[in-house]
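Please read this note with the model open beside you. Find each residue as it comes up, then check the point made about it.

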Amino acid sequence: MINPALNAAELSETFAHDKSVQILDFLNEEESTKLYDWLNGDMPEDWWVTSIVGARAGGRKKVEKIQIKPDTKKLRDIKIKEANETFLNGGWSYVFDRTISHDTKCNCIECQFFEFLRSDDMLEFIKSVTGIDMRKLRHAFSSRYLSNFFLSPHPDREQGKIGFVYSLSKDWRPEWGGNLHFMDEDYRTITRTVVPVFNRLTLFDIPSPSGVPHYVSHVAPGVKAKRLSVAGWFG
């Protein structure tokens, strides 16, 4: 799956200097296109749920996953509005679509990709780039950001040693939002911005115990394109 033309030594130098690296053309074209086609429309639509986090009184997290059906659209819109209000008040919040949990025997395109992420080939590649011995894939999930979807600032604290985002967005324009922003510990200074680019893997160090602050900016109103990605953590 991994593009054999990638130069791990050069990527390793970049990661050592920046504590992150963006790897263009990560997979061979056939595999990246197959995964894109699956998440972009070949996969049944009801395999997506809208995952929403806002906050209850007292600051406790509230996690809801709403499967989009005609009779749930009104509830979904209300919950999205609540999450945005939490966001404006500086609270932990997000709205994006993610895929449902699959049966352990599922062999769909997404599950095949997750199995690849767990493989020795992938773990060895991550080690060759980061210099960190990866024991396993801690967690991975597919996401779809549509208009007005976002992910508020958070540090990924104790999620793993290395975070990753594999972008599957085609022809995405940075002015549409949906950009991944890394921040300084003050949660105000942006240190790096990653625009969604098709078939690009971003790896970033998660320093223990503080993590690294980052967020995904709101996708602009009216945007019809889908910001597709697979994200997670190695440890």
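1. **Ground rules.** This is a predicted model, in which local features need pLDDT of at least 70 and side-chain atom pairs count only at pLDDT 80 or more, while totals for chains, interfaces and linings use all residues. Residues are numbered from 1 along each chain as its sequence is written, and side-chain values use heavy atoms, with hydrogens and water left out.

2. **Salt bridges overall.** How many salt bridges does a search of the whole structure find? The count is nine. A salt bridge here is a side-chain nitrogen of Lys or Arg within 4 Å of a carboxyl oxygen of Asp or Glu.

3. **A pair between strands.** Arg144 and Asp97 form a salt bridge, with their closest N and O atoms 2.9 Å apart. Arg144 lies in strand β5 (residues 137-145) and Asp97 in strand β4 (residues 94-99), so the pair ties together parts that are 47 residues apart in sequence. Helices (H or I, at least four residues) and strands (E, at least two) are DSSP runs, numbered from the N terminus. Both Arg144 and Asp97 are buried. Buried means under 20% relative accessible area, exposed means over 50%, and partly exposed lies in between (1.4 Å probe, protein chains only). Glu45 joins the picture too: Glu45, Asp97 and Arg144 are linked in a network of salt bridges.

4. **A pair within helix α3.** Lys73 and Asp77 form a salt bridge, and their closest N and O atoms are 3.0 Å apart. Both residues lie in helix α3 (residues 73-88). They are four residues apart, about one turn of the helix. Asp77 is partly exposed, at 33% relative accessibility. Lys73 is partly exposed at 46%.

5. **A pair within helix α4.** Glu115 and Arg118 meet through their side chains in a salt bridge of 3.2 Å, N to O. Both sit in helix α4 (residues 109-118), three residues apart, about one turn of the helix. Arg118 is partly exposed, with 44% relative accessibility.

6. **A negative patch.** Which residues form a negative surface patch? They are Asp120, Asp121, Glu124 and Asp133. Patches are made of residues with over 30% relative accessible area and no salt bridge; like charges are joined within 9 Å, and nonpolar side chains (Val, Leu, Ile, Met, Phe, Trp, Tyr) within 5 Å. Asp121 is found in helix α5 (residues 120-130). Asp121 is exposed, with a relative accessible area of 59%.

7. **A buried arginine without a salt bridge.** Look at Arg227, in strand β12 (residues 227-234). Arg227 is buried yet has no salt bridge. The nearest side chain of opposite charge is Asp156, 11 Å away. Lys and Arg count as positive and Asp and Glu as negative; His and the chain ends are not counted. What does the side chain of Arg227 reach? It reaches the backbone oxygen of Gly178, at 2.5 Å.

8. **Positive phi angles.** Asp156 has a positive phi of about 55°, although it is not a glycine. Asp156 lies in the loop between β6 (150-154) and β7 (162-167). Is Asp156 buried or exposed? Asp156 is buried, with a relative accessible area of 8%. Tyr187 is not a glycine either, and has a positive phi of about 60°. Tyr187 is in the loop between β8 (180-183) and β9 (190-194). Tyr187 is partly exposed, with a relative accessible area of 34%.

9. **A cis peptide bond.** Ser208 and Pro209 are joined by a cis peptide bond, with omega about 0°. Pro209 lies in the loop between β10 (200-205) and β11 (214-216).

10. **Apart in sequence, together in space.** Lys19 is in the loop between α1 (8-18) and β1 (20-23). Lys19 is partly exposed, at 47% relative accessibility. Lys19 and Asp205 are 186 residues apart in sequence, but 5.5 Å apart in space, C-alpha to C-alpha. Ser167 and Leu201 are 34 residues apart along the chain, and their C-alpha atoms are separated by 6.4 Å.

Terms used. Areas by Shrake-Rupley, 256 points an atom, 1.4 Å probe, with all protein chains shown as cover. Charge placed at Lys NZ, Arg CZ, Asp CG, Glu CD. Polar contact = N/O pair within 3.5 Å; in protein donor to acceptor, adjacent residues only side chain to side chain.
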